2 protein chains.
Amino acid sequence: MYNPQAYALGTNRSCIRDLFEYGAMRAAIVGKDNIYDYSLGNPSIPAPAAVNAAIRAILEDTPSLAVHGYTSAAGNPETRQAIADDLNRRFHAGASKEDIFIGCGAAPELTAVFHALASPGVEFLAIAPYFPEYKPFAESAGASFKVVPADIPDFQIDLAALEACLTPNTGAVIVNSPNNPSGTVYSFDTLQNLSAILTRKSKEYGHPIYIISDEPYRELVYDGVQAPFLPLIYPHTIVCYSFSKSLSLPGERIGYIYVPKAAADSEALYAAIAGTSRAMGHVCAPSLMQHVVTRCIHLQPDLAAYDRNRKALYEGLTAMGYEVAKPQGAFYLFVKAPGGDSVAFSEKAKQKDLLLVPGDDFGCPEYFRICYCVEHEMILKSLPVFAELLV
Amino acid sequence: MYNPQAYALGTNRSCIRDLFEYGAMRAAIVGKDNIYDYSLGNPSIPAPAAVNAAIRAILEDTPSLAVHGYTSAAGNPETRQAIADDLNRRFHAGASKEDIFIGCGAAPELTAVFHALASPGVEFLAIAPYFPEYKPFAESAGASFKVVPADIPDFQIDLAALEACLTPNTGAVIVNSPNNPSGTVYSFDTLQNLSAILTRKSKEYGHPIYIISDEPYRELVYDGVQAPFLPLIYPHTIVCYSFSKSLSLPGERIGYIYVPKAAADSEALYAAIAGTSRAMGHVCAPSLMQHVVTRCIHLQPDLAAYDRNRKALYEGLTAMGYEVAKPQGAFYLFVKAPGGDSVAFSEKAKQKDLLLVPGDDFGCPEYFRICYCVEHEMILKSLPVFAELLV
């Protein structure tokens with residue numbers, strides 16, 4: 001008398017979580033300093049001091065009922081306005097608060113958009129390498145899930161392969177840039193070419209193919225690179241954003257969905273997103289954090305620590321001869337497994353207490369992922385272990 | 001290219017929301033003091049001072065990454081332990097932290113449990129009067145939704161009617177006590193008789209019929225009444241709790257699911273709940289509020305203001321001749337519409353700027369709901385209007 005799919009999802013543990021727990025178990029035996037755990041993407045930069053200062057100020061200057069009370073399902077009007085203003089200031093987005101739906105972080109926002117766009121037979125396309133949870137999200141929403149093969153070794157988009165995957169049933173393409181797990185940022189050219197294909201195919205099929213832009217890493221970019229703002233390149237783009245990484249608030253579950261007015265059926269789509277949120281019991285996003293966003297949306301993350309880690313690892317590994325995707329964003333490095341079998345290589349590394357995530361679940365079995373939101377010291381100590389693994 | 005069911009859910013506005021917005025519109029015309037708005041159940045008691053004190057203390061004594069970082073999907077172990085301890089202290093529940101899944105308030109917790117228990121053909125029973133969102137929650141989960149007629153005028157459970165609704169397809173009965181909208185508390189006798197029927201029928205059908213106990217109002221009880229703790233009466237009870245009302249934190253989206261070890265298939269059911277939460281993108285409940293719960297779970301709400309409102313209205317209305325269900329819990333009064341048509345009566349009241357929610361959506365069209373979490377002054381001013389409506 002219980003749902004077997006739900007049971008399977010609740011018991012099929014992810015490889016990443018398993019690795020993380022193995023690391024904790026080994027740390028108890030050999031000591032935390034002797035484990036090199038690159039498995040989990042939990043931000044290691046604390047929230048900016050201004051965030052906690054904003055919380056204190058809100059508790060002082062705002063009545064309790066307004067701080068902790070229900071907001072409307074779509075969120076506080078002031079917070080939605082602050083988000084629209086921010087998008088307009090930074091990207092000239094032309095957003096208004098009616099286009100913004102405040103959500104509980106990128107994951108539930110994606111599931112809301114997936115449900116809003118799903119109908120029997122509809123297919124969603126992900127581009128390898130991709131965040132593994134897209135698959136259960138899409139399938140739970142009732143859509144089919146297809147994967148465009150990776151563009152190796154640049155990890156942009158293999159546009160010919162993508163076009164070959166499009167069918168009249170394609171409802172949306174999921175784009176995640178800066179990318180988890182590759183750490184690459186799709187270039188303006190890549191996205192403009194993608195837009196041209198989708199525009200042509202939408203016309204051919206007689207219905208829009210949406211882009212669902214999963215952007216939790218939008219602000220985590222290095223070397224002066226910018227992640228192009230997709231709605232300006234392709235109008236039928238629905239943005240799912242999270243403050244998890246930009247404000248280091250992953251546990252607080254706060255972000256937003258942006259449905260640009262220029263997207264086809266934007267009003268109906270916004271209503272459908274509200275409807276799926278209602279069906280999932282989401283009547284408002286956490287209210288204190290909505291107030292925090294109103295006051296802190298202008299903050300940018302201090303990326304110096306991540307950047308230092310990124311350079312040490314990238315330079316260290318490439319000097320040894322590892323092939324690494326150019327890491328311009330997020331906090332991941334995607335590295336070709338010597339021998340081409342990332343499961344075997346990760347297993348070998350695990351014997352030396354170096355924890356790497358094989359790329360199979362990301363749709364890219366030749367590569368492994370390193371998450372570098374860790375202590376810098378650990379990186380320095382782990383480099384000789386990477387060197388040993390090449391011998 | 002969007003989901004028509006989701007669109008319908010997002011555009012079919014609730015009568016309660018419509019009334020509330022009508023009230024705001026009228027207030028702008030005739031002045032806030034001349035509107036008697038009993039439509040919305042948003043707590044009017046601020047959170048206990050200890051809640052904001054706990055937030056300040058957490059920001060002082062806990063590192064930012066621990067305050068705002070991801071917890072496991074099921075929640076912080078310390079918070080889960082504090083919840084189990086609280087259940088054991090108050091109810092001798094025999095709970096351990098492994099039985100607790102921290103959720104984002106009762107609504108998403110209910111949808112998670114509904115999804116976990118739903119499979120094709122499964123029916124969920126609600127008991128009129130009932131919270132209207134149960135229907136979209138159940139149907140979105142893929143279950144059928146059936147309603148047991150109300151037990152008028154006592155608003156306990158019509159047990160013969162309930163038994164007549166049971167079939168081999170019944171997966172669960174949803175119990176909500178203290179009840180929204182009736183304000184009644186199911187007695188120990190009522191629940192023991194319900195338990196006897198479900199035990200007998202579970203045996204007859206060869207599978208357990210679960211109770212899903214929706215308990216956001218558990219602590220909002222008056223006149224020394226206690227809401228019996230259902231898992232002690234019927235083992236196959238899954239509890240969905242929220243701190244929205246007990247700590248006046250409705251906007252913060254924090255509560256828990258309790259799956260007692262004695263419930264049939266409890267481990268599998270817990271895993272299925274974790275699985276549906278994962279499929280909906282819920283990887284953890286808001287983390288700062290989890291810390292708040294760890295420190296504040298022992299607090300009880302100060303009900304004096306609600307109790308004063310309750311008495312003024314109940315005594316005022318019954319003295320005029322209105323028939324009112326005995327209000328022992330929550331913050332609602334359920335009143336028989338003179339003439340028996342609550343839509344017509346509410347419409348008549350609306351002409352006098354008195355906003356009452358007709359009972360149709362609750363499955364009880366002869367009654368209307370009053371939500372008395374309002375200013376006491378408004379109650380006193382509204383009583384003469386109630387009197388006029390009887391003439």
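This is a predicted model: local features need pLDDT of at least 70, side-chain atom pairs count only at pLDDT 80 or more; totals for chains, interfaces and linings use all residues.
Let me begin with helix H12 of chain A, where the buried residues are Ser287(A), Leu288(A), Met289(A), Gln290(A), His291(A), Val292(A), Val293(A) and Cys296(A). This helix spans residues 287-296 and is mostly covered, since eight of its 10 residues are buried. By buried I mean under 20% relative accessible area, by exposed over 50%, and by partly exposed anything in between, with a 1.4 Å probe and protein chains only. Helices (H or I, at least four residues) and strands (E, at least two) are DSSP runs, numbered from the N terminus.

Residues are numbered from 1 along each chain as its sequence is written, chains are lettered from A and ligands numbered from 1 in the order in which they are written, and side-chain values use heavy atoms, with hydrogens and water left out.

Now to the two chains. Chain B can be laid on chain A with an RMSD of 0.0 Å, by a turn of 180 degrees and a shift of 0.0 Å along the axis, and that is the relation of a two-fold axis. The superposition is by least squares on the C-alpha atoms of residues with pLDDT of at least 70 in both copies. The same surface serves both copies, in that 99% of the contact residues of chain B recur in chain A, where contact means heavy atoms within 4.5 Å.

Next, the interior. As a general point, nonpolar side chains in soluble globular proteins tend to be buried together. A nonpolar core, as I use the term, is a set of buried Ala, Val, Leu, Ile, Met, Phe, Trp, Tyr and Cys residues joined through side-chain atoms within 4.5 Å. The largest one here has 100 residues, and those with the most contacts inside it are Phe114(A), Phe124(A), Ile257(A), Phe114(B), Phe124(B) and Ile257(B). Apart from it lies another core, of 68 residues, among them Ala84(A), Phe91(A), Ala95(A) and Ile297(B). If we stay with Phe124(A), leaving aside residues up to four places away in sequence, the residues it touches include Phe114(A), Leu117(A), Ala138(A), Phe145(A) and Ile174(A).

Turning to chain B, we find an open sheet of seven strands in the order S2-S8-S7-S6-S5-S3-S4, with mixed pairing; two strands count as paired if DSSP finds at least two bridges between them. Strand S2 (100-103) and strand S4 (144-148) of chain B stand at the edges, each with a single partner strand, so one side of each is left without a neighbour in the sheet. What joins S2(B) to strand S8 (residues 255-258) of chain B? Four bridges do, and the two strands run antiparallel. In S8(B), Tyr258(B) is the bridge partner of Ile100(B), and Gly255(B) is that of Gly103(B). Ile100(B) and Ile102(B) point one way from S2(B), Phe101(B) and Gly103(B) point the other way, and all are buried.

A few backbone details deserve a careful look. Most residues other than glycine have a negative phi, and most peptide bonds are trans. Against that background, the peptide bond from Asn180(A) to Pro181(A) is cis, with omega near 20 degrees, and Pro181(A) lies in the loop between strand S5 (170-175) and helix H9 (188-205) of chain A. In chain B, the bond from Asn180(B) to Pro181(B) is likewise cis, with omega near 20 degrees.

Phi of Ala330(A) is near 60 degrees, a positive value in a residue other than glycine, and this residue sits in the loop between helix H13 (304-320) and strand S9 (332-336) of chain A. Is Ala330(A) buried or exposed? Ala330(A) is buried, with a relative accessible area of 0%. His92(B) also has a positive phi, near 50 degrees, but His92(B) is exposed, at a relative accessible area of 67%.

Finally, the cysteines. The structure holds zero disulfides over all chains, a disulfide being a pair of cysteine sulfur atoms within 2.5 Å. Cys371(B) is in no disulfide, and the nearest cysteine sulfur, that of Cys373(B), is 3.1 Å away. Cys371(B) is buried, with a relative accessible area of 0%.
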